[in-house]
Amino acid sequence: QRWRVAIYGDILSSEHAKARVLIHIDTLLGRTFDVTKIELSFHQLVCGRHRKNIKLIESSTGTAIYFPPLFSQMYRYCPQNATRRDPTDIFITGETIQAIELAKQKLHETVSRIRVYMKDVTIPAAKIDSILLGRLDKVRKILEANGTYIMFPPLACQRTMVRVQGSESLPVERTVREIMSLAGQFYGAGWYMQQPDVRQQLAPVEIRTMLSDICANAEADLSYDRMSFTVTGSDDAVKSALTVISNLKFVTQSQYQIRVKIELANEHKEFVSGKKNGKINKIMGQSNVQIIFDGFNEYNFNIDVMAASYDSMKQGLTLVEQEMPASISFHVPDQYHKRIIGIGGQHIQRIMKKHSVFVKFSNAMDRGGMGREDDDIKVDNVICRTPARNAQNLDAVKNEILEMVDRADSEYTTQIASVDRLYHRELIARLPEIDELEQKYNCKINFPSTEEASDEVTVTGPQWQVPHCVDELLGMVPDKHELVLARTADLVKFLESPQFATDLVSKLKAQYEVEVTYHQNPDELTEEGSPTVTLVWGFTRNNAGGLRDAIDFLEAQMAAATVEANVVKGSIPRPKSDSFEDSLQYFDSKLLQHAPASSSSDSPVKSGFGAEVARERSSILDRLRKPGSMTSISSFLDRRKNSSHSMNSNFFKGSSNVSKSSLISIESTRSFNADRNPWNDSGVNLPEDENPWGPRPFSKHMDNKLAIPLPGDVTPRHNTRASGDSGRPSTSHSMNSGYPTHIGPFR
């Protein structure tokens with residue numbers, strides 16, 4: 001039995017309390033505790049990429065090392081009478097004081113070997129605040145993947161300088177680019193009223209009410225000053241806020257100008273503008289907007305879209321978003337690149353022309369040289385890019401490329417194995433065996449950080465190899481099950497017999513990979529208070545499925561020996577049979593016996609929907625049983641096919657107010673067989689979707705894997721929104737509702 005501890009409080013207080021609870025659990029287990037200090041900006045550098053360095057130290061010393069939260073300097077709030085954890089404190093628990101001292105020594109040796117590379121970049125203050133409030137999980141994954149640290153200014157201090165530091169220049173550069181891509185998920189907008197009517201000016205109380213109503217519906221940051229609105233937030237939030245503002249009477253009764261700023265990487269400037277600015281000129285002519293490209297910094301530039309009417313802005317912004325790049329990146333081993341490219345590039349050129357998609361390969365030298373650590377981690381080395389309006393072709397290109405890759409190196413996917421967090425220490429102590437397992441299956445096994453206290457071990461690799469790797473990893477994890485039986489003289493005689501000790505125990509081990517022992521526990525009694533016998537079944541986690549069969553085998557042997565086994569505790573129920581018996585009543589055949597009506601309900605909803613299901617089944621069978629039923633069968637299959645098509649089309653229409661156009665990336669590590677549409681969270685709509693700004697219904701497919709292209713970014717473990725949209729990786733957290741004016745589709 002395991003206890004779950006819930007901790008409530010602000011982000012830093014709860015993290016501090018969680019660390020103290022985990023340390024207290026360690027002390028209850030007989031471990032000793034100590035503290036060491038290391039400068040906060042060095043913590044991620046000491047941990048290394050995917051925490052590789054720290055796991056080596058924990059493995060060699062048998063200790064558990066708890067780091068403080070990465071962003072404790074950004075939040076200045078402290079509850080009354082609370083004591084903040086010193087951000088330089090690192091807690092260490094171990095079996096002995098000597099082990100802790102050895103871990104401290106190794107930590108400080110690692111710090112002394114670090115060479116620091118730094119880079120300062122500029123990000124608008126409003127976007128820094130948005131990242132700190134809503135994107136810290138993404139930032140944490142970026143830092144763990146690159147082994148770097150980002151020094152953000154404190155929340156709401158209006159500074160724009162961000163410092164990135166790492167132990168090598170290449171990871172620092174990657175981190176900066178990924179953070180700038182994250183900043184591009186947020187829009188900035190201004191609504192400026194010109195020559196306003198003085199009589200229509202609002203009182204301060206009305207302004208406050210108006211702003212709170214708009215924010216409640218749009219979840220954007222809003223300010224109103226001198227008859228002008230300034231809006232910042234995610235792409236969807238900004239567009240929703242503009243929608244609400246456009247319905248305010250005092251705004252639309254005077255002349256106004258709207259300006260929206262979109263941030264995009266410099267490398268995409270020509271991609272969006274087209275040859276000789278052809279794409280942009282065409283959009284300006286079609287929608288009566290003015291578009292200016294404004295250089296912002298060495299990584300990003302701003303696209304300024306300006307219009308004198310809201311309808312023009314809506315149309316122009318939608319067209320600009322459709323021209324922005326949608327991309328998908330994944331890993332293909334370098335040895336296949338020549339085969340895919342073909343002689344003189346013929347093969348890849350044919351694929352690119354067929355789908356109107358640009359494909360770029362990068363080899364190990366492009367990524368910083370052969371034999372580097374990142375080649376170990378299988379970073380994405382193929383990128384496919386196309387305008388967002390054509391994004392539905394990206395998956396087809398990816399599939400064509402992966403068809404030329406051998407099965408052993410097929411698409412990379414991720415699987416999560418659940419292992420008790422305290423047993424992670426035993427596995428980490430066997431790190432050489434883990435390394436052999438990784439090399440054998442060409443996979444990567446990542447353990448969660450100690451302070452995270454998660455049971456989830458992430459295995460990443462080729463989709464055909466990952467299940468084998470997980471199975472072998474779980475084979476290193478022991479488990480046990482206790483079956484308590486009422487004690488009788490016949491049972492004791494059977495368990496003490498030579499047949500049980502020599503024959504049955506060895507058969508259970510050979511056939512079911514299960515070891516069984518027995519003992520008497522005086523605390524375990526039957527309901528009448530009589531004594532019991534406890535059978536302890538030992539097995540490894542990958543053989544847990546054979547436990548039920550092993551118990552059945554032993555019970556059959558007991559029955560053959562006329563030994564009665566009364567189970568007191570620990571029985572494993574059989575799963576419900578998947579027999580077709582309940583369906584036979586719908587087949588009118590003399591060869592089949594009619595099954596009686598089922599009295600027990602299979603599920604909580606069956607009783608309510610039973611009649612409806614029966615009608616549906618009978619109507620289906622009626623179709624199949626008509627004379628000349630080939631037409632009926634074909635119509636039935638057509639109906640099935642159409643329903644699947646309609647489901648997909650509805651799925652795409654679920655993202656109706658998206659930015660069709662932001663820089664989309666689909667993470668290559670997603671499961672190949674995942675039960676979801678690959679575009680859930682990519683922000684791409686099919687061309688027939690005519691209303692990209694309307695309110696968004698819930699999507700049935702909640703995606704929690706698609707994100708910024710980070711190797712090993714598996715999840716964002718928080719579901720950011722109940723929709724399948726947004727041109728950028730998911731940005732908005734809102735659903736439009738409740739505003740008194742009309743917030744429906746545009747007319």
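User: Is Lys 104 buried or exposed in this structure, and what is its relative accessible area?

Analyst: Buried means under 20% relative accessible area, exposed over 50%, and partly exposed in between (1.4 Å probe, protein chains only). Lys 104 has a relative accessible area of 14% and is therefore buried, while Asp 34, at 26%, counts as partly exposed. This is a predicted model, in which local features need pLDDT of at least 70 and side-chain atom pairs count only at pLDDT 80 or more, whereas totals for chains, interfaces and linings use all residues. Residues are numbered from 1 along each chain as its sequence is written, and side-chain values use heavy atoms, with hydrogens and water left out.

User: With which residue does Lys 104 form a salt bridge?

Analyst: A salt bridge is a side-chain nitrogen of Lys or Arg within 4 Å of a carboxyl oxygen of Asp or Glu. Lys 104 forms one with Asp 34, their closest N and O atoms being 2.7 Å apart. Because Lys 104 lies in helix 4 (residues 97-113) and Asp 34 in strand 1 (residues 32-37), the pair ties together parts 70 residues apart in sequence; helices (H or I, at least four residues) and strands (E, at least two) are DSSP runs, numbered from the N terminus.
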